[in-house]
Amino acid sequence: MNSAPQPTPGSYSSRLFLLVALAMTAFAANSLLCRLALRGTGIDAASFTGVRIASGAITLLLIVWWQQRNAPRPPAGSWRSALALFAYAAGFSYAYLQLSAAVGALLLFGAVQLTMIGYGIWSGERLRIAQILGLLLAIAGLIGLLLPGLTAPPPFSAALMIVAGAAWGVYSLRGRGTTSAIEATAGNFLRAVPLALALVIIAPIPLAADWPGITSAIASGALASGVGYAIWYTALPGLTATHAATVQLSVPVLTALGGVLFLGETITPRLTLGSLAILGGIALVIGTRRKG
C-alpha cells in the first residue's frame, strides 16, 4: 500500500519499533475486546459490528480531516472494498460468540495470509520448494486445529472466522497500490456503515446492548481499528516488505497472551501445535518469497 523506497533493516529506529508495537497491540486488542464484549456484556454481535464500524469511520474521518484541513478531498475507497470490510467485521463478531480470543485470532490470521498466498499462486506466482513445504505445513496446522476433538473449536464459528479472514485478505489485496491507505480505509469504513445498519435491522436474534458492551465496541472501532490502522500505515513506509508481513505473525501470539491475562483463557496443546505449524509455515512462505 506504499510506494515509498524500502528502507534497509539497519535503518529501523526506536520510534518505528514503538509504532509497530502499538499497531500490533491494537490489532490483538480487537479480538480481545470483541470476545470480552460478547462473552461478558449485554451487547449482541450485530450491534457490536455496527458500533465498531461507525466509531471506526468517525475516527478515521477525523484523522483524514486533520490531514486534509488545508486541502479537503472527497472520501476515497470503493463499495467493493467496503463490502469486503463489512464481511470481515460481521463474520469476526459472530465467530467470537463461541471462539476463544486466541483461536479466533489464529484462524483469522491464517485465513488472511493463505488467501493472499493463494491469490499469488492463482496469478501465476511460482513457489519454491521451501515455500511449498511452508504452505503445506500451514494448511496441515489449520486442519489439525479444526479436527474433531474435545478442544476443537465449534465448526460453524470456526468457518465464520475463516470467511472473515478471507474477506480481510480480499480487502488487503484490493488495497495494494493505494496511494493514501488511511484515506481509502476511512472511505471504506464510511461506506460500510449502511451495510452494518442493515445487519442490525435484519439480525435474526433479539438486539441487545448495554454501556459496557457499547464501550467495548467503541474502543474496538475507534482505538483498536481506527487509531490502530492509522499507526500501522504511519509505520509501514519504514518497513521492508518482508518485515511488514512477518511482524504480523505476532498478532495471534499477543492475542493468546492477552486471552490468558485478561479473559482467563487457557493455551491448549492443540492450539500450541496449530500455532507453530500455521505461523511457522506462513513465515517460511513469506520469508522465502521475499528473499527470492
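Helix 4, spanning residues 101–122, has 22 residues and reaches 31 Å from its first C-alpha to its last, close to the 32 Å expected at 1.5 Å a residue; helices here are DSSP runs of H or I with at least four residues, numbered from the N terminus, and the expected span is 1.5 Å times one less than the number of residues. This is a predicted model, in which local features need pLDDT of at least 70 and side-chain atom pairs count only at pLDDT 80 or more, while totals for chains, interfaces and linings use all residues. Residues are numbered from 1 along each chain as its sequence is written, and side-chain values use heavy atoms, with hydrogens and water left out.

- Because 16 of its 22 residues are buried, helix 4 is largely enclosed by the rest of the structure, where buried means under 20% relative accessible area (1.4 Å probe, protein chains only).
- Just after helix 4, G124 takes a positive phi of about 110°.

**T59**
- T59, found in helix 2 (residues 45–67), is buried, with a relative accessible area of 15%.
- Not counting residues up to four places away in sequence, T59 touches A222, G226 and V227, a contact being heavy atoms within 4.5 Å.

**Confidence**
- The protein chain has a mean pLDDT of 89, with 93% of its residues at 70 or more; pLDDT is the predictor's confidence in each residue, from 0 to 100.
- Confidence is lowest in helix 9 (residues 241–246), at a mean of 76, and highest in helix 3 (residues 79–95), at 97.
- Over residues 1–5, pLDDT stays under 50. Where pLDDT is low, the predicted coordinates should not be read in detail.

Definitions and conventions
Helices (H or I, at least four residues) and strands (E, at least two) are DSSP runs, numbered from the N terminus. Buried means under 20% relative accessible area, exposed over 50%, partly exposed in between (1.4 Å probe, protein chains only).
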